[in-house]
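Me: I've got this one open on my screen and would like to go through a few spots with you. Can we start with a side chain and its surroundings?

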Amino acid sequence: MMDAKEVAHWKAMMEWEGQRSAPPEGFPALPDMPAARYTSPEYYALEQAHVFRKSWLFAGHMDEIPEPGCFMRWDNAGEPVVIVHGLDGVVRAFYNICRHRGAPVVTEERGKAPRLVCAYHHWTYKTDGTLVGLPERRDFPPDFDLSCRSLIPLRCERFGKVIFVNFDDQAMPLIDWLGPLAREWEEFAFDRIRLAARYSFDLKCNWKVAMEANMEVYHVPYIHPSTVAEFVDPRRNHNTFYPNGHARMLAPTPQGTSREHARGIDSPPGWHQIESVGELGRSCTQSYTLFPNWVSPLSNFFVPPLLFWPTSLTTTRFEVVTMALDWDADSPPPDLWTVPDPDAPNGRRLSQVLLEDTQFGEAIQQAMQGAAFRSVPLSYQEARIYAFHQALDAMIGIANVPRELRVAPVIGPEWIWPNDPRPALRDAAAAAAREAAE
C-alpha cells in the first residue's frame, strides 16, 4: 500500500493538473497519428506478429482451473491453447494441438481429467504435456521416441490468482514485465480475489479504437454525463507513463462529490471490500493500462479488467471481467460491466457505461477507412494513447513499421517512470505563488 507521503504527492499532482492553464512546460507537442494505423492490413499483421506474440496476455483465473487435473481452452489470441492445472500442482499452457496430426487435444471449453486424450487417434498426454501413450504402438518404428512428441508449451506465469501466457520463449519474466505495477497492485489482493464474472462481446471496429475509449477522460462530460461524470473529474486527471508501455490514470471525484455516495448503489451489503486498498483506490478512479490490451480501474471492491482482442483488422472481441474479494452466498456475484438481458445471446448485455463507451466504435472505424479522415490529433490529456502507440512501434521495431505509419517517439524517457518533470514544475509554481503572496 502507498504510504502517506506517496498519497499526499499524488493528491497534490491531481490538484496541480486542475489548476494549470496549458500543457506542462516542456511536454512535447504530440504530432498527428496516421489514421491508417487503424486501417492498414500491413500494420495489423505487424501487431499480431510482434505485439500479441511477444507480450504477456491475460488468459484466466485460477477459479477456472481450481484443482489438479482441471483444464480450460483459451483461444483469444488467435492460437489454440489449453491451460492445465497439472496433477503436480503446476499451472501450464500448451498449444492445443496433438503432435500426431494436429487435432485438438481438448475440445471442451473446460473440464477435469488425469490425462489429456486426443479424440482423433487417442494419443494420450500427462498433465505436464508428456506423451505417454498411443494406440497400435507396433505400427510405428521401434526407435519412435515419445519423449520428443510432448505437447508444445507456452510461457505461463501467474500474478496472484491471475494467469498470463506469452508465446515468446525469450520474453522477460512476468514480474519484470509488470515492473512498478507489481508493487502498486499488491494492495488489491491479486492473491485472494475470486473470479465473479467473465463475458465477451463482438465489436465492429479495430481493437485500438475500442480500447482507446477507455484510455482518456476527455470524453467523460460529454458521453457519460449521468454515469462516470458523477465520480470522475477530468480536469484533475493525472497520467503516469511506465516502462513496457503501461500507464496509470488517477482522477478524483468532482469537488463537492463523495465517491462513496456516487458509487454506493454498485456495492450491495453482501459484497466484501478489499480492506488492504488504500486511500487513492477508495477515493479516486485509479485506472491502469497493462500493455498491450488490458485496461482496468482498480478499487476497494473490484479488479475488473477490460480486454480487447483483435479478431480481424476491423473487428474486436471485447472481454469484460470482474474479480472481487468475496461475496455472500445470498448476494449476486459482483459484475461491474454487464447486466441481465434475456434477449442477448449470452443472457447479458454491456452496462450503460460500456454502451456509452462503445457506441461510436463502428462509425469511427468507417470514418477512418474513408478518404477524408487521415490523421488523429491528440491533446496532453490523451497522451496516454500516444504513449501506447509509441510502445506499439517500439515493440514491433521502428525499422519494421512503414514510414507513413509511424508515430514519432516524442515522449522521451524523461517522462517515463521513475522520471517525471511535473513534480518540479508543481513545486516551482507553488513557490512562485507563495512569493507573490508575500
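Me: Which residue has its backbone nitrogen 3.0 Å from a polar atom of the side chain of Thr322?
Reply: Keep in mind that this is a predicted model. Thr322 sits in strand β19, residues 315-324, and its contacts away from its own stretch of sequence include Pro334, Asp335, Leu336 and Trp337. The backbone nitrogen found 3.0 Å from a polar atom of the Thr322 side chain belongs to Leu336.

Me: Is Thr322 buried or exposed?
Reply: Its neighbours include Arg194, Leu195, Phe302 and Val303. Buried means under 20% relative accessible area. Thr322 has 0% relative accessibility, so the label is buried.

Me: Over to the strands: which residue in the hairpin of β10 and β11 takes a positive phi?
Reply: Strand β11 (residues 162-166) runs antiparallel to β10, with 5 bridges joining them. Phe159 stands opposite Val162 of β11, and the hairpin has 2 residues between the strands. The one with a positive phi, near 65°, is Gly160.

Me: And what is the bridge partner of Phe94 in β10?
Reply: β10 (residues 153-159) also pairs with β5 (residues 91-95), antiparallel, over 2 bridges. In β10, the partner of Phe94 is Pro153.

Me: Last one: how wide an arc do the buried residues of α10 cover around the axis?
Reply: In α10, residues 361-369, the buried ones are Gly361, Gln365 and Met368. They lie on the same side of α10, because the arc they cover is so limited. Their cover includes α5, α9 and β23.

Definitions and conventions: Residues are numbered from 1 along each chain as its sequence is written. This is a predicted model: local features need pLDDT of at least 70, side-chain atom pairs count only at pLDDT 80 or more; totals for chains, interfaces and linings use all residues. Side-chain values use heavy atoms; hydrogens and water are left out. Two strands pair if DSSP finds at least two bridges between them. Helices (H or I, at least four residues) and strands (E, at least two) are DSSP runs, numbered from the N terminus. Buried means under 20% relative accessible area, exposed over 50%, partly exposed in between (1.4 Å probe, protein chains only). A polar contact is a pair of N or O atoms within 3.5 Å; within protein, one must be able to donate a hydrogen and the other to accept it, and residues adjacent in sequence count only if both atoms are side-chain atoms. Contact means heavy atoms within 4.5 Å. The arc is that of the directions from the helix axis to the C-beta atoms. Lists of a residue's contacts leave out its neighbours within four places in sequence.
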